[in-house]
Amino acid sequence: MRITPVRAIVLRQLYLLRGGPTRVLSLVIWVAIDIILWGFMTKYLNTVTAAGFDFVPVLLGAVLMWDFFTRVMFGVTMAFFEDVWSRNFLNIFGSPVSINEYLTGLVSSSIITSTLGLVVMLILAVALFGLSFILYGGLLVPFLMVLFLFGIALGIVGCSFVLRFGPSAEWFVWPIPAILSPFAGVFYPISTMPTWIQWIAHLLPPMYVFEGMRAIVTGGAMSMKSLTMGGVLAVLYVLAASLVFTRVYRNAVRTGLIARYSAETIT
Amino acid sequence: MPTLQVSSLRKSYGDRLAVDDLTFSTAPGEIVGLLGPNGAGKTTTINMILGVLEPSGGRIHIEGRSLATDRREALQRTNFAAVYAPLPGNLTVEQNLKFFGMLYGVASLKNRIDTVLEQFDLLGFRRTKCGVLSSGEQTRVCLAKAMLNAPRLLLLDEPTASLDPATAREVRAKIRGLATDRQVSVLWTSHNMYEVESVCDRVLFLSRGRVLLEGNPKTLPDEHGKGTLEELFIAVAREPLSLES
């Protein structure tokens, strides 16, 4: 794999961010709103509960981590959508760039955009609501890593879906995090859910992160085996998503979708 | 060695054959016109040579490299411009050229960008977003991008369709000059028979995905009892069977 085409895709994303302040704003505005909304909510909950339980690391921490995952996923899809919206597939895929280079470029672009969102969230959560991650110590890195990998996997799946079904299938990508969040146990322990949903939750890497976070906050022990399971699952999802994208791309080349990818819907 | 060697190329969509047993080659420095009515298989052929459409059968070699097994090496020597593939409008001319130059792995990219900007009279548009350029200017940017990697094979799908006659003439002269000076092989599709006659060394008339006629555009009409290339084109479109013998 060559590094220059990967750099090209990242550079294109940087050009777009530099060229339009609204693009930068869209990266930070939603996460900022989420942190402020949930920040005040946690403050309020802290005042009405008698047990002295601190909701900030549990709820606001969870919101921050979930938003990070969402930004990672959308970071991949947004970089891909740039080529969809500008009808650029013929120029891109008619060049010597390989699918691996293209996907790596999308993922690298997402690292930049999601890091920007994460920094904004951290500044707001720490400065306004006193959120501290010291509690999690070195575990914060694997927590973020698992969410990052799963975000990448879902981002690639979203791209595959749009590549297969056409630009109008874009709507499918946006609600994916919202659909997953009840099953991933972001805001509550999975033990509160029916057994069949708990089985689904065990297939989702974020569940291991959020269960671990809650265990630490409530003074319990975090299971390393459980976190490793989340990491392994996330890696498997990335590999599976890459395979799906490659297969969808090959099918698009065989059927001619790439060459005439501009129709509103493609069947 | 031919720059482009297409052998027994075939593309079918279900029962419909879009390209049927197409065989031809282009030599270094040669401009070959790929002609035919709408649906004859010109764009399908170009898409297969670009690697964005998988052939149902046959082989494509670019400077001896198989597109099927050595895609990167083959496409590194190729580039294209088409009216239906403009560059992203939300990037400036220079940003687009840098982006595509990096995708193609162009060495000394900055100098190369300056060269193609000058070559296509785009120096004044360096920092202009492509989306606000006129269609003629956008076409020139596409052509500049097509020249970035100094291709050995250039695929041009109606490259002058949105240009005014004066600019179209200039572009034709530039491409003609490139083909001669740098021995670039060009596959050129156009519906402008005057243009084809003035720029192409050889033409291939496609009909229903097959090469119906082949020859020098200046002598071919006479060989088939037609006064002009345009008359021959119309005959190919209306009564291909009468010309098949």
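**View 1. Where chain B meets chain A.** Here 23 residues of chain B are in contact with 25 residues of chain A, contact meaning that the C-beta atoms of two residues, placed from the backbone, lie within 7 Å. This is a predicted model, so local features need pLDDT of at least 70 and side-chain atom pairs count only at pLDDT 80 or more, while totals for chains, interfaces and linings use all residues. Residues are numbered from 1 along each chain as its sequence is written, with chains lettered from A and ligands numbered from 1 in the order in which they are written. On the side of chain B that touches chain A, H1, helix H2 (71–76) and helix H3 (93–103) of chain B each supply at least two residues. H3(B) gives the most, with five residues. Helices here are DSSP runs of H or I with at least four residues, strands are runs of E with at least two, and both are numbered from the N terminus. By type, this side of chain B splits into 14 nonpolar, seven polar and two charged residues. Nonpolar covers Ala, Val, Leu, Ile, Met, Phe, Trp, Tyr, Cys and Pro, charged covers Asp, Glu, Lys and Arg, and the others, Gly among them, are polar.

**View 2. The four-stranded sheet of chain B.** The strands of this open sheet run in the order E2-E1-E4-E5 (chain B), paired antiparallel; two strands pair if DSSP finds at least two bridges between them. At the edges are strand E2 (16–26) and strand E5 (65–66) of chain B, each pairing on one side only. Seven bridges join strand E1 (residues 4–13) of chain B to E2(B), and Gln5(B) has Ser25(B) as its bridge partner. Helix H1 (residues 42–50) of chain B lies across E1, E2 and strand E4 (57–62) of chain B, at about 115° to E1(B). That angle is taken between N-to-C directions on a scale from 0 to 180 degrees, using lines fitted to C-alpha atoms, for helices over the stretch in contact.

**View 3. The six-stranded sheet of chain B.** Look for an open sheet with mixed pairing, ordered E6-E7-E8-E3-E9-E10 (chain B). Strand E6 (78–82) and strand E10 (210–215) of chain B each have a single partner strand, so one side of each is left without a neighbour in the sheet. Neighbouring strands are turned by 20° against each other on average, direction ignored. E7(B) pairs in the parallel sense with strand E8 (residues 185–189) of chain B over five bridges, and the partner of Leu153(B) in E8(B) is Ser185(B).

**View 4. Two residues with positive phi.** Ser8(B), in strand E1 of chain B, has a positive phi of about 50° although it is not a glycine. Ser8(B) is exposed, with 12 other C-beta atoms within 10 Å. Glu158(B) sits in the loop between strand E7 (153–157) and helix H6 (165–182) of chain B, and its phi is also positive, near 50°. Glu158(B) is partly exposed, with 19 C-beta neighbours inside 10 Å. A residue is buried with 20 or more other C-beta atoms within 10 Å of its own, exposed with 12 or fewer, and partly exposed in between.

View 5. Over residues 263–267 of chain A, pLDDT stays under 50; pLDDT is the predictor's confidence in each residue, from 0 to 100. Where pLDDT is low, the predicted coordinates should not be read in detail. Chain A as a whole averages 89.
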